[in-house]
Amino acid sequence: QVQLVESGGGLVQAGGSLRLSCAASGSIFNSNVMGWYRQAPGKQRELAATITSGGATYYAGSVKGRFTISRDNAKNTVYLQMNSLKPEDTAVYYCNLRQHVNWVASDYWGQGTQVTVSS
């Protein structure tokens, strides 16, 4: 099993910055993908950014150029630096870890952390 614990959410004014952290523990394989998803009220959960254990990153178009994802493999921790925040970034942000066992993908989720951007 894998446990994910997020921290760093909060309330910020538009144009401000926040940094989210997610620490993973448990049965973690060396090869995995960690990422951040977000879910705004009344909307489906959507991908924000991912990073592989090798450091390859992917960003959704809505956050590209403003958000930076990074990770510390020694600490099994992933970060999301969010700059130039907009009110539309308001959502619950969920940490995700995906790894494969016998070619079958397993997804693990954190409990979520609220990010609120005021205009």
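Are Cys-22 and Cys-95 buried or exposed? Both cysteines are buried. The close-up views below come from a predicted model.

**View 1. The disulfide between Cys-22 and Cys-95.** A search of the whole structure finds one disulfide. The S to S distance between Cys-22 and Cys-95 is 2.1 Å. The torsion about this S-S bond is about -85 degrees, so the disulfide is left-handed. The link connects distant parts of the chain, with Cys-22 in strand 3 (residues 18–26) and Cys-95 in strand 9 (residues 91–101). The two cysteines are 73 residues apart.

**View 2. The largest nonpolar core.** This core has 29 residues. Those with the most contacts inside it are Leu-4, Trp-36, Leu-80, Met-82 and Tyr-93. Two or more core residues come from each of strand 1 (2–7), strand 3, strand 4 (33–39), strand 5 (46–52), strand 7 (67–72), strand 8 (77–82), strand 9 and strand 11 (113–118).

**View 3. The surroundings of Tyr-93.** Leaving aside residues up to four places away in sequence, Tyr-93 touches Trp-36, Leu-80 and Met-82, among others. Its contacts also include Glu-6, Leu-20, Tyr-37, Arg-38 and Phe-67. Gly-112, Thr-113 and Val-115 are touched by Tyr-93 as well.

View 4. Six bridges pair strand 7 with strand 8. Across this pair, Arg-71 has Val-78 of strand 8 as its bridge partner.

**View 5. Strand 11 and its pairing with strand 2 and strand 9.** Strand 2 (residues 10–13) runs parallel to strand 11 and is joined to it by four bridges. Within strand 11, Val-117 stands opposite Val-12. Strand 9 runs antiparallel to strand 11, with three bridges between them. The bridge partner of Val-92 in strand 11 is Gln-114.

**View 6. The two faces of strand 11.** In a regular strand, side chains alternate between the two faces of the sheet. Along strand 11, Thr-113, Val-115 and Val-117 point to one face and are buried.

Definitions and conventions:
Residues numbered from 1 in each chain as written. Predicted model: local features only at pLDDT ≥ 70, side-chain atom pairs only at ≥ 80, totals over all residues. Heavy atoms only, no water. Disulfide = S-S within 2.5 Å. Buried < 20%, exposed > 50% of the residue type's maximum accessible area, 1.4 Å probe, protein only. Core = buried A, V, L, I, M, F, W, Y, C linked by side-chain atoms within 4.5 Å. Contact = heavy atoms within 4.5 Å. Pairing = 2+ DSSP bridges.
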